[in-house]
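Let's work through this one together, one question at a time. Keep the picture open while you read.

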Amino acid sequence: MQGFAVALTPYNLLWCFIGVFLGTVVGILPGLGPAATIAMLLPLTFQMNPTSAVIMLAGIYYGSKYGGSTTSILLNVPGESASVVTCFDGYQMARQGRAGAALGISAIASFIAGTFGVVGLMLIAPPLAKFALSFSSPEYFALMCLGLAMVVLLAGESMIKALLAMLVGLWIAGMGTDLFTSTSRFTFGHSELLDGVDFVVVAIGVFALGEVLGNMEIREGAQMLPVPKGLRNLLPTWQDLKDCRFAFLNGSVIGFLIGVLPGAGSTIASFISYGIEKAVSRRPEKFGTGVPEGVAAPEGANNAETGGAMVPLLTLGIPGSGTTAILLAAFILWGLRPGPLMIQDNPTLFWGLVASMYVGNVMLLVLNLPLIPLFAQILRLPAYMLYPFIFGISIVGVYSVSGSIFDTWMLALFGLLGYAMRRLEYPSAPLILGFVLGDSMERALRQSLMMSQGDPTILVARPMSATMLFLAVLILLAPLFRKANAWRVKAIVEGS
Amino acid sequence: MPPAAAAGSRRSGFASGSKEEMRLLRNGEFVSGAVLAALGVFIIMEAREWEYLGPDGPGPGFFPLWYGIGMLVLSVMLMVIHARQAPAPASRGMAGTGRALATWAALVVCVALLKVLGFIVAFSLLALFIVRFLYRQPFGKALAVAVGGAVGFYLLFDVALNVALPAGMLGF
């Protein structure tokens with residue numbers, strides 16, 4: 001109730017609305033994801049009350065999930081990787097003249113699963129935070145290793161590239177003055193680097209500018225994208241809803257559970273829920289031809305994942321993706337520290353955020369059902385108008401934090417890095433996570449070794465940290481096991 | 001498999017999957033591996049300058065030394081994997097990369113001009129360049145986007161939000 005008292009104030013309702021509205025827009029817009037948007041808007045929130053700011057930024061995060069399905073269904077173009085599965089049946093429904101029903105089912109599934117995710121967050125976060133109160137430096141170090149290992153495992157096709165990206169993130173985090181000894185590290189003689197590299201510079205450079213530079217490779221953005229007509233009837237039939245009843249539940253549960261795991265993310269959640277839906281369906285052969293449950297399951301999972309991803313972020317301070325890493329950095333910049341004490345120390349913010357997510361999901365349903373045709377018109381916005389605006393807001397955003405032109409140079413540098421990473425298929429999430437967690441990870445490791453007077457066995461002498469480190473090693477070695485197994489199978493086949 | 005994957009590549013801006021793309025990627029892998037190996041060596045050299053283990057525990061060189069070693073080992077592994085694959089011929093068709101790098105160069109010029117001309121003028125020039133030369137839109141349209149955008153930024157940030165924009169020698 002305390003949360004609703006916070007979320008339902010006119011001021012917070014306004015910011016929640018702005019957040020979900022912007023989220024829907026960026027979900028629809030090509031070439032601009034929630035991570036880039038949150039990074040760009042972050043500097044503008046420094047003058048705001050942190051509770052209102054986090055309500056707005058979280059609104060962008062889960063709102064973008066609603067918008068992401070629109071282009072999948074209408075244009076067969078997934079806005080985010082998590083919306084790829086929605087294309088399978090959503091676009092086929094649209095081709096059969098049922099685009100409205102597909103968009104309606106997507107919005108309803110998103111609402112049901114999004115709400116389920118918030119209920120899960122509300123129920124799981126407090127006991128998990130209580131449990132994590134017993135953690136000390138070795139457990140925190142092990143937990144961060146585990147989180148990074150998961151993210152590295154699932155970040156891209158090449159684990160080596162993901163690990164390298166993470167290590168670059170750790171290196172950037174290490175720039176500046178060492179907190180324990182005041183030694184300056186990797187400053188290259190620049191006094192501006194003594195305080196380290198600002199998070200906003202890295203996040204906007206790698207996500208926003210890297211994404212835009214990647215999209216600049218093609219000129220087609222200058223042409224208007226075709227938006228199919230006939231979106232008037234957005235309410236699915238009773239039979240559609242009946243067909244989707246299991247998909248709503250499947251998407252909700254799978255999405256939430258996968259969201260809790262760092263690194264897994266909504267893409268995996270949407271693929272798994274689609275697979276389960278197909279496996280248990282009485283008409284699996286129809287999947288891919290335009291069945292409503294093929295839209296409901298992945299869209300539900302995509303949205304429920306948001307609530308799940310908030311659990312490790314708010315209770316352990318461990319983000320599971322690039323977007324939640326930016327949210328973690330936002331908390332830190334506002335002077336808050338997500339972790340086991342978050343609920344206890346900042347109940348207004350925590351419960352206000354949870355309640356705002358209920359309210360935001362209702363807003364998104366109300367916004368999306370009648371206004372999808374209007375939102376779809378955003379696709380007509382030409383790229384040549386959008387991209388200069390993103391460059392401009394990136395420069396202003398970075399400059400507004402420090403008032404330093406040096407940071408705008410750094411922004412250009414990180415933009416180039418972000419572009420090169422995309423071009424060479426290095427995942428950016430491990431870099432951002434390495435950067436966000438680098439400082440805390442080094443501190444936890446050094447504190448652990450101080451506790452043991454330099455004896456590294458402290459990390460494996462405590463059951464919790466030993467278990468987490470063991471799991472992290474296991475995760476990192478998983479591809480080797482798979483490869484060894486493949487060789488063994490090949491040898492058996494060749495031998496027989 | 002529905003055609004979503006192909007559509008996805010259109011969205012991302014990188015037409016993955018073609019032979020040309022694979023060549024580019026493999027050459028890039030080797031170069032990026034070499035760059036990261038050099039960075040790993042640099043980190044190790046720097047870390048050796050700082051205290052590794054002091055009386056109070058690990059020093060400032062402890063953590064960087066280990067991630068520097070990790071970076072060196074992994075980047076060498078990346079290069080070895082690349083070397084074991086078939087050699088990639090010289091790549092052609094870099095038009096897309098050229099456009100992206102031209103945009104980045106324009107951004108660098110814009111940043112360089114911030115101190116001299118201020119954000120309003122520097123941004124206008126950047127927008128004009130992108131719309132006119134990279135998207136080949138008519139000059140009038142490009143000018144409208146550049147001037148309209150600059151005025152919009154001024155009204156939104158300087159006037160409405162009271163966020164100072166980088167000012168040049170002209171005072172704005």
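Q: Leaving aside its neighbours within four places in sequence, which residues is B:M71 in contact with?
A: This is a predicted model, so we're reading contacts off a prediction. Contact here asks for C-beta atoms within 7 Å. On chain A that gives A:L164 and A:L167.

Q: Is B:M71 buried or exposed?
A: To count as buried, a residue needs 20 or more other C-beta atoms within 10 Å. B:M71 has 27 C-beta neighbours inside 10 Å, so it counts as buried.

Q: Of the residues in the largest nonpolar core, which touch the most other members?
A: This core has 218 residues. Helix α4 of chain B (residues 95-134) gives the most to this core, with 18 residues. The members that touch the most others are A:A39, A:A203 and A:I204.

Q: What radius of gyration does chain A have, and what would a compact globule have?
A: Chain A has 21 helices and two strands. With 496 residues, a compact globule would come out near 23 Å. The value for chain A agrees, because it is 23 Å.

Notes:
Residues are numbered from 1 along each chain as its sequence is written. Chains are lettered from A and ligands numbered from 1 in the order in which they are written. This is a predicted model: local features need pLDDT of at least 70, side-chain atom pairs count only at pLDDT 80 or more; totals for chains, interfaces and linings use all residues. Helices (H or I, at least four residues) and strands (E, at least two) are DSSP runs, numbered from the N terminus. The radius of gyration is taken over C-alpha atoms; the globule rule is 2.2 Å times the number of residues to the power 0.38. A nonpolar core is a set of buried Ala, Val, Leu, Ile, Met, Phe, Trp, Tyr and Cys residues joined through C-beta atoms within 7 Å. A residue is buried if 20 or more other C-beta atoms lie within 10 Å of its own, exposed if 12 or fewer, and partly exposed in between; C-beta atoms are placed from the backbone. Two residues are in contact if their C-beta atoms, placed from the backbone, lie within 7 Å.
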